[in-house]
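Biologist: I'd like to learn how to read a few features of a model like this one. Could you walk me through it?

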Amino acid sequence: MRQILSISSFLAIKEIWRNRGRFLLVSLVIALITLLVLFIAALGEGLGNGNREYISKIDAQLIVYQARSDTLIQASRLGRNRLAAVRRVDGVADAGMLGTASTNVVLTANVPQLKVALLGVEPGRPGEPQVASGRQLSTDLAQEVILDRNTALRSKLGVGDTLTLRVTQGTQDEFYDLRVVGIADGQQFSLQPSIFVPFYTWDRIRPKSEAEVNSSNPVANVILVKLKDPAQIETVSARLASQVDNIEIATIQQAIQALPGYSAQQSTLNTQGGFTLFIGILVIGGFFQIQILQKVSQIGVLKAIGTTNPIVAAASVIQIAVVTIAGVAIGGLLTFLFSLSFPPTIPIVFNGTTSALAVIALLLIGPLGGLVSIRHAVRIEPLKALGLSS
């Protein structure tokens, strides 16, 4: 076995070196395929992460919606009476209201306004994000705000700065000043830069219709529920459904899957990645098949002087593996260099696990693409290859 590997490695490397220009071009093609696959994977991760980021990091196990809201946060409306009823259910450790809206942050004269998701959360309750720098929100009525890190990068605001919101209430534009007290790490909501304010402050400053301007009854979108024992999630869900009227309940994972366009977006990007890998198999397989056809006589000579089929097959496999590894390495390096230049507005996230799986798949497509050429190489008859058979 050692002798087979030694001879086949020598033959494979010798041919690559003698035709290095040709093999380098193939490696570059593989590098471009690698670049495309990794960016599709990173784009899928970035878009999915931007959609689910805040929901997936909530310190809660269940989300309570208004009945018949199709598990859509923006379509749900729940009042304080439901919150009190939810907190009384056995097994519920805590519950917090969450309100969502969209508004604009007023920046400097040279920078356009930044559209953000305005989220109302109860300080110290489920839904309030943990800050990476600064401090948490203090009271329900505080004129304070926590910024998502993406918002901080795009607005150039930091802890201690004053943030100005432009909000349409009725038919008038109103301006509200809030003090930035904390920066949260990765808390985007629905792919929007996000800011978090105390719930009652949110209810006062959120965009409102003419009919809502004079209303004093705060209404949240959903209620976030933290359980005493997360293992009893089904039991507590059943209790909530039976004891609280006109609601529907979802787990965090169910809520993520119900986000508008999330499932379709991920399946589309996964399909694109699959087709890219399939194209890679065809490209690599086509190249090495042409290679084998061009050197039929050389393989015939090798077999005529006693080279066995295992050596021929192993040489082809090693050759394919070396070219593929070189191409994937070049593509990975190019991907890393390009990723350093992307601004925070582009939803590209290189997840370690996802990228590793993509690289492994790319390394496998070389041998898979070369199977046909390897099969053809071992079936070459020496006399026919040399034109000596009748």
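**A glutamine and a helix pair**

Modeller: Gladly! Start with Q187, which, apart from neighbours within four places in sequence, is in contact (heavy atoms within 4.5 Å) with E53, Y54, K57, P129, D148, S194 and F196. This is a predicted model, where local features need pLDDT of at least 70, side-chain atom pairs count only at pLDDT 80 or more, and totals for chains, interfaces and linings use all residues. Residues are numbered from 1 along each chain as its sequence is written, and side-chain values use heavy atoms, with hydrogens and water left out.

Biologist: Is Q187 buried or exposed?

Modeller: Buried means under 20% relative accessible area, exposed over 50%, and partly exposed in between, using a 1.4 Å probe and protein chains only. Q187 has 6%, so Q187 is buried. Q187 sits in the loop between β7 (172–184) and β8 (194–198).

Biologist: How do α8 and α11 cross?

Modeller: Axes are lines fitted to C-alpha atoms, for helices over the stretch in contact, with angles from 0 to 180 degrees between N-to-C directions. Here α8 (residues 262–294) and α11 (residues 352–369) have axes that come within 8 Å and cross at roughly 40 degrees.

Biologist: Which residues of α8 and α11 meet?

Modeller: L277, G280, I281, I284 and G285 in α8 meet a set in α11 including A361, L362 and I365.

Terms used. Helix = DSSP H or I, 4+ residues; strand = E, 2+ residues; numbered from the N terminus.
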